[in-house]
Amino acid sequence: MKKPIFIATFLFTASLTAFAYFGRYATYIADDFMLAFVGKYYGIFHAQSYWYQNWSGRYSFFLLITLLEAHGYCYWWVPLTAAASISFMVVAFYIALRGHVQYALTLSLAITTLALAAAYNLGQLIYWATGAVTYPISIPLFALSLHFLTRRNMIATSILVMLNAGFSETFAVIQIGVFIVLAACIPKFRRELFFAVALAVTGAIVVATAPGNAIRAEALSPHPALLKTIDIAIHSAVFYTKFWLRRMWIEVVAAGLFGLAWPQRANKQHV
């Protein structure tokens with residue numbers, strides 16, 4: 001049982017090492033310059049109002065970047081903050097799995113590697129300083145929120161859920177969906193999960209109703225109609241699945257080994 005999990009950990013670590021090597025070349029691109037300027041010009045608190053009114057409602061996203069900029073954040077921090085997100089994820093799963101460090105480490109490496117392998121625009125995740133810093137942190141925060149929810153610590157859960165809703169519109173919606181599914185599947189924590197759903201919806205509403213969203217929508221290319229979007233999504237999913245399987249077969253094999261190494265039945269030691 002230990003050999004497959006060791007092989008999976010080794011393969012995921014090797015893959016992330018390659019990503020980290022290329023990530024050394026990350027630098028300011030595109031809106032990184034504007035984020036830095038607004039943070040310096042308006043200060044931490046007024047910068048949040050500026051972005052909310054003029055660009056996007058992603059309150060956690062802009063707050064994190066502004067805080068880093070206020071303390072001399074620069075491009076060479078990107079690999080460090082990405083590594084910190086992975087470490088944070090390991091700790092989160094370690095807590096959630098009640099001290100099972102071996103599986104916490106491999107699960108964290110697996111999620112990070114496969115997320116990178118599945119990225120439509122990998123260059124943005126590796127070379128775009130702002131994206132590399134802000135987007136990976138959602139998964140460990142979500143894992144921690146589930147941990148505190150199962151401990152019925154609703155104060156910590158509330159903070160984490162609201163923070164997570166403010167990093168991206170995509171994860172705000174995903175968070176709501178996952179909580180709803182869990183509420184339907186786990187009656188024991190249904191009340192707490194519905195409370196988390198309400199918080200996640202509140203955070204999503206704060207993001208969606210920002211005045212800056214309209215300005216941002218005008219500046220970017222228009223989105224296609226709903227049915228066209230679904231059609232594009234289906235065809236793209238089929239195409240990129242074939243593409244990933246051809247190019248990322250090592251990660252796929254590693255994920256299979258990780259699945260084989262996972263405990264086959266739940267007990268107090270593994271739950």
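Thr130 belongs to helix α7, which spans residues 129–134 (helices being DSSP runs of H or I with at least four residues, numbered from the N terminus). Thr130 counts as buried because its relative accessibility is 2%, where buried means under 20% relative accessible area, exposed over 50% and partly exposed in between, with a 1.4 Å probe and protein chains only. The side chain of Thr130 makes a polar contact with that of Asp32 at 2.2 Å (a pair of N or O atoms within 3.5 Å, one able to donate a hydrogen and the other to accept it; residues adjacent in sequence count only if both atoms are side-chain atoms).

The model is predicted, with local features requiring pLDDT of at least 70 and side-chain atom pairs pLDDT 80 or more, while totals for chains, interfaces and linings use all residues. Residues are numbered from 1 along each chain as its sequence is written, and side-chain values use heavy atoms, without hydrogens or water.

The largest nonpolar core has 17 residues, of which Leu35, Trp51, Phe61, Phe62, Leu141 and Phe167 touch the most other members; such a core is a set of buried Ala, Val, Leu, Ile, Met, Phe, Trp, Tyr and Cys residues joined through side-chain atoms within 4.5 Å. Helices α2 (32–54), α3 (59–70) and α8 (138–150) each supply at least two residues of this core.

Phe37, Tyr41, Tyr42, Tyr50, Trp51, Phe61 and Phe62 form one aromatic cluster, in which rings of Phe, Tyr and Trp (its six-membered ring) pair if their centres lie within 6.5 Å, planes under 30 degrees apart counting as stacked, over 60 as edge-to-face and the rest as tilted.
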